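These are my notes from one sitting with a structure I had not looked at before. I wrote down each thing as I looked it up.

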Amino acid sequence: MNVQDILRLPSMKEAKIIAGESQSQCLVTTITVLEVSEPSLYSQMPIKGEYSGNELVLTSFAQIAKNIEKQLEIVSILHQHNQLGIVLYYVGLIMPDVSEKLIEKMNELNMVLILMPVNRIDLRYSEVISEALSYINEEENELEPHLDILIETIRHLPPPNQIETALSILSDKFKCSLFIKSREEEVLLSKTWPRSLDQSLREIIAEKNTAMGVKNSPIEFNQIYYFQTDVHLNLTAVENQYYLTIFKKEPLAEKQLEGIKTIIEKTIKYFGEEQLLNTGQQFFSACQTGDYHTADLLAQKEGVDGSRPLRLYCFERQTAKRSERNIQLKGIYYKERNLEWVIVNVSEEVPYAAFSLNDLPSEYVFISGEFMGLSSVSSQMNHIETQIEDSKRVFPRKHYFYPEDLYLLQDVTQETASIFLDRYLEEELIDTLAAFFLDCNENINDTAHLLFLHNNTIKYRLKRAQERLGLSFSHTASRYLLIKNLIYYRKYK
């Protein structure tokens, strides 16, 4: 069903599209409720391989009904997660009205915004969810008319991980578990329904050597019967042979099997088998979607022990001058756009790592702190990504950013207590302090060289700044307060 079909449901009577009209023909495969009010919590949602761009979010922005800026921030995060749009409830009751800024933002992001009838307290999320999912389930047995729509939707999926995202769409639509395997029976990509079944079904695949072509073979698991189907994927244009295993609670109809098989074959042809063979991409995607069993298997394959301390490296290239890996770190590697990620076990001999780069000004390195457990990989990635632009703004002359840099940046927010440097000091003195404390590690000679000034000029300016601020730079607490305020100045001014 598409967005227009959703609007025809009895529970959606009098609802209307007020933004993103161009998305009215987009496919809808699932509907969810999200009432988290803090953008920072939304940003922790897994991004890659889980959200297909065909999900509608039901919300009333209950706790931020009057905070338009937070509404806009959440919409932007949902857009990053490829969500199709929002169905907005209880306007006139919880939200006084819909902001023009919100409508403009949704149009700008090409996301659909559906307004439910205003001043209606009797509306229920569950009614729309129940009707929509019932409609979607009925469509399962009528796959053929929707096959082209599904294929076209998948063909336009945004990078990366399009094959994995396509498995998510099919798994959710047909309430089945899908495993793409190599000739050696190794699971390359999977998406289970429900997601918690992944490890158990992998064990069944490993234990049971099912001949290709066997359909709807009954498997008992936890007193529930699943029907297993194994087929060969017809991929004449690719180098290797691949196989598909499907688990479903009900026997898989022939048309469903052929439809799923056709879609997966076309998806692999569209996006290339490299996604099936890219262990790093699969590892990071598994971590971000909470599939830690798969992540651990992939880590072992690459020689990384998930039970030992880990460290994450992020390399940013300003220009996409090379696509090949040239980073000498022994770990799991993944490239996405202009960011390259490597996760390694912490070396006891070397604090961070011994590696060489080309020392180009277009290259930046961001290093996480030491952490334990694959469940922390996603949060560590998010921690680095959110600090990248601030790192370059606050430390414009640095190209290597260590954990302490990132933690200090994270510690300074707009709520940080300020001593209002620009109230006491002219810009010349603030710039001198920033160069001395942030760029030159409190070295007089380096600061003078950087600012093209004499050493005595730097000493004089530091003394004058101390007097005006009433702080002693030799006092640890005062120096720490000043450094935080210099970071604040560069970060937000």
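I began with Glu108, which is exposed, at a relative accessible area of 59%. The model is a predicted one, and in it Glu108 forms a salt bridge with Lys105. I noted 3.9 Å between the closest N and O atoms of this pair. Both residues sit in helix α4 (residues 100-109), and because they are three residues apart there, about one helical turn separates them.

Next I looked up Lys301 and found its side chain in a salt bridge with Glu186, at 2.9 Å from N to O. Lys301 belongs to helix α12 (residues 292-301) and Glu186 to the loop between β6 (176-182) and β7 (187-191), so this pair ties together parts 115 residues apart in sequence. Lys301 is partly exposed, with a relative accessible area of 45%. Glu186 is also partly exposed, at 33%.

I then turned to Asp439 and Arg490, a salt bridge whose closest N and O atoms are 2.9 Å apart. This pair links distant parts of the chain, with Asp439 in helix α16 (residues 427-439) and Arg490 in helix α19 (residues 476-492), 51 residues apart. Is Arg490 buried or exposed? I found Arg490 buried, with a relative accessible area of 16%, against a cut-off of under 20%.

I also noted a network in which salt bridges with shared partners join Glu426, Glu428, Arg461, Arg464 and Arg468. Over the whole structure, the search gives 27 salt bridges.

I checked helix α7 (residues 162-174) for length. Its 13 residues should span 18 Å at 1.5 Å a residue, and the end C-alpha atoms are 18 Å apart, which agrees. Of the 13 residues of α7, 13 are buried, so the rest of the structure largely encloses this helix. Just after α7, Lys175 has a positive phi of about 50°.

On the surface I found a nonpolar patch of Leu93, Ile94 and Ile121, with about 270 Å² of accessible area together. Ile121 lies in the loop between β5 (112-115) and α5 (125-140), and is exposed at 59%.

For the chain as a whole, I counted 19 helices and 15 strands. Of its 493 residues, 54% count as buried.

Last, I looked at confidence. The average pLDDT is 85, and 88% of the residues score at least 70. Residues 320-324 stay under 50, and residues 354-362 are below 50 too. Where pLDDT is low, the predicted coordinates should not be read in detail.

Methods. Residues are numbered from 1 along each chain as its sequence is written. This is a predicted model: local features need pLDDT of at least 70, side-chain atom pairs count only at pLDDT 80 or more; totals for chains, interfaces and linings use all residues. Side-chain values use heavy atoms; hydrogens and water are left out. pLDDT is the predictor's confidence in each residue, from 0 to 100. Contact means heavy atoms within 4.5 Å. Patches are made of residues with over 30% relative accessible area and no salt bridge: like charges are joined within 9 Å, nonpolar side chains (Val, Leu, Ile, Met, Phe, Trp, Tyr) within 5 Å. Accessible areas come from the Shrake-Rupley method with a 1.4 Å probe; for residues, only the protein chains shown count as cover. A salt bridge is a side-chain nitrogen of Lys or Arg within 4 Å of a carboxyl oxygen of Asp or Glu. Helices (H or I, at least four residues) and strands (E, at least two) are DSSP runs, numbered from the N terminus. Buried means under 20% relative accessible area, exposed over 50%, partly exposed in between (1.4 Å probe, protein chains only). The expected span of a helix is 1.5 Å times one less than its number of residues.
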